[in-house]
Amino acid sequence: MSRLFRDVEGGPSCPQGSVVCIGAFDGLHLGHRALVRRAVARARELGVPAVALTFEPLPREFFAPADPPPRLTLARAKFEGLRDLGIDIVGLLRFDAKLAAMPAERFAEHVLARRLGAREVWIGPDFRFGHKRGGDLALLRAVGDTTGAFSAHAIHPVVLDGERVSSTRIRTALGAGDFDAAARLLDRRYAIAGRVVRGKQLGRTLGYPTANLRYGGKRPPLQGIFATRVHGVAATPIDAVASFGTRPTVAGVEPLLEAHLFDFDGDLYGRRIAVEFVARLRDELTFADLPALVAQMNRDAEQARVLLSTLPQQACA
């Protein structure tokens, strides 16, 4: 079972040493997976824990709170994904003013060498860290040589269709509703997981009860109405139509993912589910009144049913 820590401060936690990989890991795409698997493989060879260091919030969210990048993976899903890839210890480091001001040399010496006892450090191509992004592979190698603690390495870029795999490419694909392209970059279908929360139950009164997932105050990578499949309710995924947005017709504010499961009648409150995005149906719109909204919901549901009946189920995570 993977362990989790949040703070950079603390005493030595890996007395036998470790192999560490560092990254934002937003989306855990093919490039991230190549990095993590390399670190896990080396950790197994050396007989030490594999450690993944990442950040919450993401640095770009911290530095641009008014215009953060769309978030692909929330913190819990990131932790679970790293665990499933074989990581033994996840450092979900609190990215705050103190960490942002920490010089890269101190991070390498204090966190990597002293606290984690790193024997090897692995990063992605062009990865930068520390105050004013002053840390890179050359700095890691210099600190490793000076301390005698670790060696530092970078994996080669992972390329698909002649272009490097990146979170930016995935955000672009999701925003355009190209879920097949996103799946190829992720190595799985894109899905959002979370615990079902209570909403205003307006959907139930309109004939469309929904399972609602919040998005942790993060900026979502996609908005609109979608044909989806819901995992975690039955032995096989259940077809559904979903809305992801701010619900302008009913004066919503916080982004909310609302999935109406077809031919399902049950209480899902508190259950953890995953909503897989299959196809984009339309933009989120504002309607003059609730009857107009319901008429469109009827059309959306029928379109989603027909579309999903023609597409085979595929793996998601």
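Predicted model: local features only at pLDDT ≥ 70, side-chain atom pairs only at ≥ 80, totals over all residues.
I started with Glu80, which forms a salt bridge with Arg272; their closest N and O atoms are 3.7 Å apart. Glu80 sits in helix α3 (residues 75-84) and Arg272 in strand β14 (residues 272-282), so this pair ties together parts that are 192 residues apart in sequence.

Next I looked up how accessible the two partners are. Glu80 has a relative accessible area of 18%, so I filed Glu80 as buried, since buried means under 20%. Arg272 comes out at 23%, and I wrote Arg272 down as partly exposed.

**Second pair**

I then turned to Asp239 and Arg229, whose side chains meet in a salt bridge at 3.0 Å, N to O. Here the link runs between two strands: Asp239 belongs to β12 (residues 238-245) and Arg229 to β11 (residues 224-231), so the pair ties together parts that are 10 residues apart in sequence. Are these two buried or exposed? Asp239 is partly exposed, at 24% relative accessibility, whereas Arg229 is buried, at 2%.

**Third pair**

Arg280 and Asp283 were next on my list, and I found their side chains joined in a salt bridge of 2.6 Å, N to O. I have Arg280 as partly exposed, with 29% relative accessibility. Asp283 is also partly exposed, with a relative accessible area of 43%.

**The wider count**

How many salt bridges are there by this rule? I got a count of 25. I also came across a network of salt bridges, and I noted its members as Asp26, Glu56, Glu61, Arg71, Arg171 and Lys218.

**The largest pocket**

I moved on to the largest pocket, and its volume is about 1,000 Å³. Which residues come closest to its centre? Of the 40 residues lining this pocket, I listed Gly23, Ala24, Phe127, Arg128 and Arg133 as the closest to the centre. I then checked which elements give two or more residues to the lining, and these are α1 (30-46), α2 (59-63), α4 (97-100) and α7 (167-175).

Last, I sorted the lining by residue type. I have 21 nonpolar residues, 11 polar and eight charged in the lining of the largest pocket.

**To keep in mind**

Note on methods. Residues numbered from 1 in each chain as written. Heavy atoms only, no water. Salt bridge = Lys/Arg side-chain N within 4 Å of Asp/Glu carboxyl O. Helix = DSSP H or I, 4+ residues; strand = E, 2+ residues; numbered from the N terminus. Buried < 20%, exposed > 50% of the residue type's maximum accessible area, 1.4 Å probe, protein only. 1 Å grid on protein atoms, 1.4 Å probe; cavity = no way out; pocket = protein on both sides within 12 Å on 5 of 7 lines; lining within 4 Å. Points joined across faces, edges and corners; volume = space filled by probe spheres on them. Nonpolar A, V, L, I, M, F, W, Y, C, P; charged D, E, K, R; others polar.
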